[in-house]
Amino acid sequence: MYGNRTKFTENRDLKILVMGNAPSLNDVDIEAAIKAGFELCCVNFFPVRDNRFFTLKPKYYCIVDPAFYDENSKNDPKFTAVFDTLSKVDWDMSIISAAHQNLDIHNPHISYVKICNRALYETKPVFVKKFI
């Protein structure tokens, strides 16, 4: 995946399965995706809404929703549950965020991949129906 200023990887063949919070994720064979070479990326409240978070160990966590970075989120239980969960991550994971966004999480396993806001709107998404 490439943005205007940030290169996520040198590997242009990287395949990523983005896991949202919708019930339709239950219809996706995540194990087949992993076997097919997909890296996993979760979004939003996946770490606290899906009990597979610590089993799947996603490599990427995309959080571009400004609500996660709002000062009020530090006192909101739904956000603090996410922050607490992230503090317990024991594998290397990259948080994908806009260039100006930072979470107050201190975990040596978590790094940031910063993207230019413009890149969020200029890239063309690719949707994958089948993994094999």
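Mentor: We'll take the overall fold, then the salt bridges.

Mentor: Keep in mind that this is a predicted model.

Trainee: Okay. How many helices and strands are in the chain?

Mentor: The chain has 5 helices and 5 strands.

Trainee: What pattern do they follow along the sequence?

Mentor: Read along the sequence, it goes β-α-β-α-α-β-α-β-β-α.

Trainee: What share of the residues is buried?

Mentor: Of the 132 residues in the chain, 38% are buried.

Trainee: And the accessible surface of the chain, what does that come to?

Mentor: About 8,500 Å². Carbon and sulfur atoms account for 51% of that surface.

Trainee: New topic. How many salt bridges are there?

Mentor: The count is 5. Here is the general idea first. Side chains of opposite charge can pair when their charged atoms come close.

Trainee: Let's do some pairs. Which residue does glutamate 39 form a salt bridge with?

Mentor: Lysine 59. Their closest N and O atoms are 3.9 Å apart. The cut-off is within 4 Å, so the pair counts.

Trainee: Is glutamate 39 buried, exposed or partly exposed, and why?

Mentor: Partly exposed, because its relative accessible area is 26%. Buried would need under 20%, and exposed over 50%. Lysine 59 is partly exposed too, with 36%.

Trainee: Next pair. What does aspartate 90 form a salt bridge with?

Mentor: Lysine 57, with the closest N and O atoms 3.2 Å apart. Aspartate 90 lies in the loop between helix 4 (77–87) and strand 4 (93–98). Lysine 57 is in the loop between helix 3 and strand 3. So the pair ties together parts that are 33 residues apart in sequence.

Trainee: How accessible is lysine 57?

Mentor: Its relative accessibility is 37%, so it counts as partly exposed.

Trainee: One more. Which residue meets glutamate 71 in a salt bridge?

Mentor: Lysine 74, at 3.5 Å from N to O. Glutamate 71 is exposed, because its relative accessible area is 55%. Lysine 74 has 45%, so it counts as partly exposed.

Trainee: Last thing, contacts. Take those between residues at least 6 apart in sequence. What share joins residues at least 24 apart?

Mentor: In this chain, 46% of them do.

Definitions and conventions
Residues are numbered from 1 along each chain as its sequence is written. This is a predicted model: local features need pLDDT of at least 70, side-chain atom pairs count only at pLDDT 80 or more; totals for chains, interfaces and linings use all residues. Side-chain values use heavy atoms; hydrogens and water are left out. A salt bridge is a side-chain nitrogen of Lys or Arg within 4 Å of a carboxyl oxygen of Asp or Glu. Buried means under 20% relative accessible area, exposed over 50%, partly exposed in between (1.4 Å probe, protein chains only). Helices (H or I, at least four residues) and strands (E, at least two) are DSSP runs, numbered from the N terminus. Contact means heavy atoms within 4.5 Å. Accessible areas come from the Shrake-Rupley method with a 1.4 Å probe; for residues, only the protein chains shown count as cover.
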